[in-house]
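I'm opening a new notebook page to see how this chain holds together.

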Amino acid sequence: MTPDTAPLDERHCLRLLAGAPVGRVVYTVGALPAVLPTRYRLDDDGSVVLQATAGSEFLRAVAGTLVAFQADEISTADGSGWSVTLLGTAETTGEGAAARAPAAPPAGQVTVRIRPEWVTGRLLPAAALAPHR
């Protein structure tokens, strides 16, 4: 059963993303979906910025491709919360604006920037808990 949800505007979505510590990058490996939880930060232009290991399968899979990024905060007490999804092209350090990163990534790491092309989000109301049978 899917609860009624309330859509969020893009500015609200970006504010929520800015406060979440961990999100998930959704990408494709060999025509199959893959999901990677990651720490990130939200840049002033709304881009999601994260670090990846240089030469990793993840980096090879996402560089220059369209990916999804999702973060949420859901209460374990009542199921209320929010979920935001951002779609955009993943750029690696040295490509376009990714070179503007304020600090160089740690040794062996590459900066990945996901520029927002589409942002959507939903508020989830508290769930009425059904009694256990």
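**Entry 1: aromatic pairs.** I'm working from a predicted model, and I note that before anything else. I began with the rings, and the search turned up two aromatic pairs in the structure.

The pair I looked up to begin with is Y27 with F58. Their ring centres are 5.1 Å apart and their planes stand at 80°, so I wrote this pair down as edge-to-face; the cut-off for that label is over 60 degrees. Where do Y27 and F58 lie? Y27 is in strand β2 and F58 is in helix α2, so this pair ties together parts that are 31 residues apart in sequence.

Y40 sits in the loop between β3 (32–39) and β4 (41–42), while F69 sits in strand β6, so the pair ties together parts that are 29 residues apart in sequence. For Y40 I got a relative accessible area of 10%, which makes Y40 buried. F69 is buried as well, and its relative accessible area is 0%.

Entry 2: Leaving out residues up to four places away in sequence, F69 touches L17, G23, R24, V25, T38, Y40, V48, V84, T85, L86 and I114.

Which residues have the most contacts inside the largest nonpolar core? They are L17, F69 and I114, and that core has 29 residues. Two helices, α1 (10–19) and α2 (57–62), each give at least two residues to this core. So do the strands β2 (22–29), β5 (48–53), β6 (66–74), β7 (81–92) and β8 (109–114).

**Entry 3: salt bridges.** How many salt bridges does a search of the whole structure find? It finds six.

I looked up D43 and R41, which form a salt bridge with their closest N and O atoms 3.5 Å apart. D43 is at 17% relative accessibility, so I put D43 under buried. R41 is at 32%, so R41 goes under partly exposed. R41 lies in strand β4. I also noted that R41 and A18 are 23 residues apart in sequence, yet their C-alpha atoms are 6.7 Å apart in space.

Then came D45 and R115, whose side chains meet in a salt bridge at 3.2 Å, N to O. D45 is in the loop between β4 and β5, and R115 is in the loop between β8 and β9 (118–124), so this pair ties together parts that are 70 residues apart in sequence. Both ends got a surface check: D45 is partly exposed with a relative accessible area of 35%, and R115 is partly exposed with 27%.

R115 also meets E91 in a salt bridge, at 3.5 Å from N to O. E91 is in strand β7 and R115 is in the loop between β8 and β9, so this pair ties together parts that are 24 residues apart in sequence. E91 has 17% relative accessibility, so I count E91 as buried.

Which residues are linked in a network of salt bridges? I listed R41, D43, D45, E91, R113 and R115.

**Entry 4: strand pairing.** Last, I followed β9 to see what it pairs with. Strand β1 (residues 6–8) is joined to β9 by three bridges, and the two run antiparallel. L8 stands opposite G121 in β9.

How many bridges do β7 and β9 pair over? I found seven, again in the antiparallel sense. For V84, the bridge partner in β9 is G121.

Notes
Residues are numbered from 1 along each chain as its sequence is written. Side-chain values use heavy atoms; hydrogens and water are left out. A nonpolar core is a set of buried Ala, Val, Leu, Ile, Met, Phe, Trp, Tyr and Cys residues joined through side-chain atoms within 4.5 Å. Buried means under 20% relative accessible area, exposed over 50%, partly exposed in between (1.4 Å probe, protein chains only). Helices (H or I, at least four residues) and strands (E, at least two) are DSSP runs, numbered from the N terminus. Contact means heavy atoms within 4.5 Å. Rings of Phe, Tyr and Trp (its six-membered ring) pair if their centres lie within 6.5 Å; planes under 30 degrees apart count as stacked, over 60 as edge-to-face and the rest as tilted. A salt bridge is a side-chain nitrogen of Lys or Arg within 4 Å of a carboxyl oxygen of Asp or Glu. Two strands pair if DSSP finds at least two bridges between them.
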